[in-house]
Amino acid sequence: MVEGVGRYAREAVAGMGSAGRMVFGAVRASRDVRTWGPHATEQMMKLGVGSLPIGILIACFTGIVLALLASYAFTNAVPRYLVGTLVQKTVMMELAPVLTGLALAGRVGANIAAEIGTMRVTEQVDALETLAYDPIAYLVTPRILAGLVMFPVVVGVAMMVGLGAGWLASMGLLDLSSEQFLKGARFFFSEFDVRYGLVKAASFGVAVTAVGCAAGLETRGGAEGVGAAATRAVVTSAVLILVLDAFWAVVWLLGRSV
Amino acid sequence: MKKRSNDFLLGLTILLSLALIILVTLFLQETELGTRRQKVVARFRDVGQVTVGSLAVIRGVKAGSVEAVELEPGGWVHVRLSLDKDVTLPPDPVVLLGASSLFGEWQASLTPRRSVPAGAEVALQLAESAGGGTGILPGAVLPDVAQLTTVAGSIAGDVASVAERVQVAFNDSAARELRASIRNVNNLSAELARTVRVQSRNLDTVSVNVREGAASLARASTAFARSVARIDSATSKGEVQAIMRDVARTATQARDAAERINRMTLSLERTEVSLRSVMFRADSVLLKVHQGQGTLGLMVNDPGLYRNSDSLMMELRDLIADLKKNPKRYIRLTIF
């Protein structure tokens with residue numbers, strides 16, 4: 001057991017080291033625009049535009065459920081318009097970034113890990129190196145850049161859709177007027193809420209794509225290794241999302257008031 | 001071609017997403033782009049929990065929001081309000097900051113100075129913050145729920161202390177005495193109820209009498225009013241002046257009569273004294289007569305004298321008759 005703990009610790013530190021090295025390499029390779037430029041749009045389309053439906057679906061149901069949950073939780077002692085406050089704050093600052101990030105970790109992280117892992121086990125990555133292409137600039141930089149740009153886009157749309165779904169649910173399913181919901185939504189609203197959610201989403205995008213790329217590049221063996229890499233990418237991305245969520249909360253929310 | 005299509009779709013997605021985020025943010029912040037708004041600045045010593053974005057209301061109606069909260073020299077805080085351009089400020093306006101709900105929401109109320117809630121603290125704040133310069137309104141902070149809760153907590157502490165003392169004082173003997181007192185109070189209340197029933201009947205009678213008395217008073221007042229009206233009319237003809245002159249004359253005559261009566265009374269007193277003296281003397285004379293003293297007493301008290309006098313009178317009557325019959329026997333008239 002002691003040996004197992006030691007092995008896991010070594011692998012974790014080695015993984016963080018390789019991921020850090022890879023992110024640093026991707027930043028350094030961002031100067032090589034001619035290498036990653038032609039692939040950036042494709043990756044953004046795949047990661048971002050392709051992920052919009054799942055993000056919208058998650059946000060839609062989240063908004064509805066939050067409105068119903070708030071209505072259920074608030075007794076007569078609490079004004080009903082606070083349903084709007086709870087939906088706005090929760091969707092924008094927490095649920096839209098985290099749930100969308102987790103969904104994209106499964107979709108995007110696994111996709112990247114499987115794609116690059118397959119390239120690794122079929123020696124396409126080695127072929128790139130043989131052709132004097134930097135695999136980091138060719139494979140990792142456009143993906144991390146796509147995650148950095150498109151995660152906030154998807155999460156931003158999810159925020160607005162979640163808020164709108166909560167608004168419609170409050171009017172349609174609850175005995176709440178549009179004015180009441182908007183009063184609650186505006187009650188403690190600050191543009192910081194949007195900024196906070198988008199910055200978190202960008203950090204999640206970098207984490208998910210970097211972990212996916214690292215898992216793919218470290219793939220060993222055949223198809224089994226690719227599957228393991230995809231699984232590792234999803235699990236690590238999900239954990240990293242939760243860790244980053246707590247990190248941003250401590251950094252930005254601790255000691256801050258509306 | 002496909003790459004250019006992807007670029008367009010990606011750019012459109014990003015731009016639409018950004019536009020959506022910006023529009024929703026502006027909508028939730030109630031930002032009005034391109035609308036001219038009027039600015040009002042008020043100064044305070046403290047702004048409580050008012051922040052940028054807090055509501056500005058006039059008579060409870062939303063008129064704008066707090067645009068800025070700034071620290072100023074001299075220990076002042078300036079609050080800049082952004083109001084709708086159509087809003088008309090109340091006369092002699094002041095700005096009051098206070099909680100608008102129990103959930104930490106504060107607002108700035110623009111109100112006429114005459115409508116400020118009574119309170120020495122608020123008046124003091126307004127007086128202190130006045131004179132901040134042209135266009136700077138005086139402001140005050142109303143007591144918030146926390147302060148009221150603190151006072152309520154202090155009161156609750158006092159009540160708890162009193163309750164504790166009551167608990168110490170309220171032992172078994174006190175409970176027995178209290179039960180006895182309750183019984184006594186019960187009996188007393190029964191007696192009181194009976195008394196009240198009796199008195200209520202009396203009161204009914206009294207009230208009837210009072211009602212009748214009131215009716216009589218009403219009638220009397222009506223009659224008095226008529227009399228006053230008559231007096232008023234009489235006054236207008238000068239009859240009262242004549243009556244008053246007659247009364248004055250009569251009073252003068254009465255005074256003279258009284259003086260005469262007074263003099264007569266003095267005379268009568270003197271006459272009485274004389275009469276008493278006469279009576280006393282008469283009484284002494286009669287006493288002497290009764291006692292047979294003196295001639296008259298002898299005459300009154302001696303029957304023999306009465307008889308002699310009677311016979312004398314008879315002889316004298318005979319003599320007179322004889323004299324009438326034979327005057328020459330007794331009277332001899334000679335000349336020379």
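Here are some friendly notes on this two-chain structure, which is a predicted model.

1. Let me start with chain A. Its secondary structure amounts to nine helices, with zero strands. Along the principal axes, the C-alpha atoms of chain A occupy a box of roughly 70 × 50 × 35 Å.

2. Taking the contacts in chain A with a separation of 6 or more, 86% of them join residues 24 or more positions apart.

3. Chain B is built from both kinds of element, with eight helices and seven strands. Of its 336 residues, 19% are buried. For contacts in chain B with a separation of 6 or more, the share that comes from residues 24 or more positions apart is 50%.

4. Now to the interface. Here 19 residues of chain B make contact with 30 residues of chain A. The size of an interface is often given as the accessible area lost when the parts come together. For chain B and chain A, the buried area is about 2,100 Å², and carbon and sulfur atoms contribute 79% of that area. On the side of chain B that touches chain A, the residues split into nine nonpolar, six polar and four charged.

5. What about specific polar pairings across the interface? The rule finds zero salt bridges between chain B and chain A. Polar contacts do occur: there are two residue pairs of this kind between the chains, both at pLDDT 80 or more.

6. Is B:Ser17 buried or exposed? Its relative accessibility is 4%, so B:Ser17 counts as buried, the cut-off being under 20%. Apart from neighbours within four places in sequence, B:Ser17 is in contact with A:Val153 and A:Val157.

7. For backbone geometry, have a look at A:Glu123. This residue is not a glycine, yet it has a positive phi of about 65°. A:Glu123 is found in the loop of chain A between helix 4 (82-121) and helix 5 (124-130). Because its relative accessibility is 52%, A:Glu123 counts as exposed; the cut-off for that class is over 50%.

8. Where is B:Asp92 placed in chain B? It belongs to the loop between strand 4 (76-83) and strand 5 (93-99). With a relative accessibility of 45%, B:Asp92 counts as partly exposed.

Technical notes:
Residues are numbered from 1 along each chain as its sequence is written. Chains are lettered from A and ligands numbered from 1 in the order in which they are written. This is a predicted model: local features need pLDDT of at least 70, side-chain atom pairs count only at pLDDT 80 or more; totals for chains, interfaces and linings use all residues. Side-chain values use heavy atoms; hydrogens and water are left out. Contact means heavy atoms within 4.5 Å. Buried area is the accessible area (1.4 Å probe) that two parts lose on being put together, summed over both. A salt bridge is a side-chain nitrogen of Lys or Arg within 4 Å of a carboxyl oxygen of Asp or Glu. A polar contact is a pair of N or O atoms within 3.5 Å; within protein, one must be able to donate a hydrogen and the other to accept it, and residues adjacent in sequence count only if both atoms are side-chain atoms. Ala, Val, Leu, Ile, Met, Phe, Trp, Tyr, Cys and Pro count as nonpolar, Asp, Glu, Lys and Arg as charged, and the others, Gly among them, as polar. Helices (H or I, at least four residues) and strands (E, at least two) are DSSP runs, numbered from the N terminus. Buried means under 20% relative accessible area, exposed over 50%, partly exposed in between (1.4 Å probe, protein chains only).
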